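Here is a short note for a colleague who is opening this structure for the first time. Please keep the sequence and the 3D view side by side while reading.

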Amino acid sequence: MKLSLNWIKKYVDLPEDLTMEQLSYDLTMCTVEVEDAADLSERLGGLVVGRIITVEQHPDADKLRICTVDVGDPMPSTIVCGGINLVPGQLTVVAKPGAMVRWHGAGDPVEIKPAKLRGIMSYGMICSSGEIGLEDLFPVSCEAEIMDITDFHAVPGSAVSDVLGLNDVILEIDNKSLTNRPDLWGHYGMARELAAIYGCRLRPLDDTVIPDKFGDLSIVIENPERCPRYAAIT
């Protein structure tokens, strides 16, 4: 089972000096086994929002474009890119020098460095979702399609992890250690457990308002021996 630490923190204020290593150890020793604690913002380190200013054809490569991009620095960056959907004014994801990406979405991550591409210096990389591990959230039609995040209305230079709401830690819990604890099969249950471990106050769940009108539904149970009861509302 995977849990969002940000979601858990909606219900309980954990100690400010608590590290993920300590939380994983304490939860493993007291309740359930924590198999991993992945910081999503670390995976997206060095990735910022870029606003494309100009797009020009590369003089020596049909499939490459020369872009000037506002990445929040005093001067725009020149980036050579093979993206097929580059347009001025577009907001996209830029890997600044030092960031780690998967080249064309395959293999191990490589460090982005200033490089000369067909005679033109490029200072960064305009990324596709597959190159930064976000292909599930931002599916593309082909490899050459770069991420378009214009709808997020972000400021150039902003950290992508903040803009996309991925500044979170994902806890992976061993399912076998949860089989006898159905009260932990959700974020609120795990928040309650952490509140007990660290002596923190657990905030109550918001009241759920059940509608007075349930809609026009008709339910037929064809095999009552296997399914004695089924309920639904719209």
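1. Terms for the sheet. Two strands pair if DSSP finds at least two bridges between them. Helices (H or I, at least four residues) and strands (E, at least two) are DSSP runs, numbered from the N terminus.

2. Basis. This is a predicted model, in which local features need pLDDT of at least 70, side-chain atom pairs count only at pLDDT 80 or more, and totals for chains, interfaces and linings use all residues. Residues are numbered from 1 along each chain as its sequence is written, and side-chain values use heavy atoms, with hydrogens and water left out.

3. The sheet. Leu 3 stands opposite Leu 171 in β12. Strand β12 covers residues 169-173 and pairs with β1 in the antiparallel sense, over three bridges. Three strands make up this open sheet, in the order β1-β12-β2, with antiparallel pairing. β1 (2-4) and β2 (34-39) are at the edges with a single partner strand each, so one side of each has no neighbour in the sheet. From one strand to the next, the twist averages 20°. Axes here are lines fitted to C-alpha atoms, for helices over the stretch in contact, and angles run from 0 to 180 degrees between N-to-C directions.

4. Helix α2. Residues 20-30 form α2, which lies across β2 and β12 and runs at about 160° to β2. Contact means heavy atoms within 4.5 Å.

5. α2 and α5. The axes of α2 and α5 (residues 187-198) come within 11 Å and cross at roughly 95°. The two helices are therefore roughly perpendicular to each other (65 to 115 degrees). On the α2 side, the contact includes Leu 23, Leu 27 and Cys 30; on the α5 side, it includes Met 190, Leu 194 and Ile 197.

6. Ser 161. Where does Ser 161 sit? Ser 161 is in helix α4, residues 160-163. Ser 161 is buried, with a relative accessible area of 8% (buried means under 20%, with a 1.4 Å probe and protein chains only). Beyond neighbours within four places in sequence, Ser 161 contacts Ser 41, Leu 44, Leu 166 and Asn 167.

7. The whole chain. The protein chain has five helices and twelve strands. Its radius of gyration is 24 Å, well over the 17 Å that the globule rule gives for 234 residues, so the chain is more spread out than a compact globule. That radius is taken over C-alpha atoms, and the rule is 2.2 Å times the number of residues to the power 0.38. Of the 234 residues, 34% count as buried.

Methods: Buried < 20%, exposed > 50% of the residue type's maximum accessible area, 1.4 Å probe, protein only. Parallel < 35°, antiparallel > 145°, perpendicular 65-115°, else oblique.
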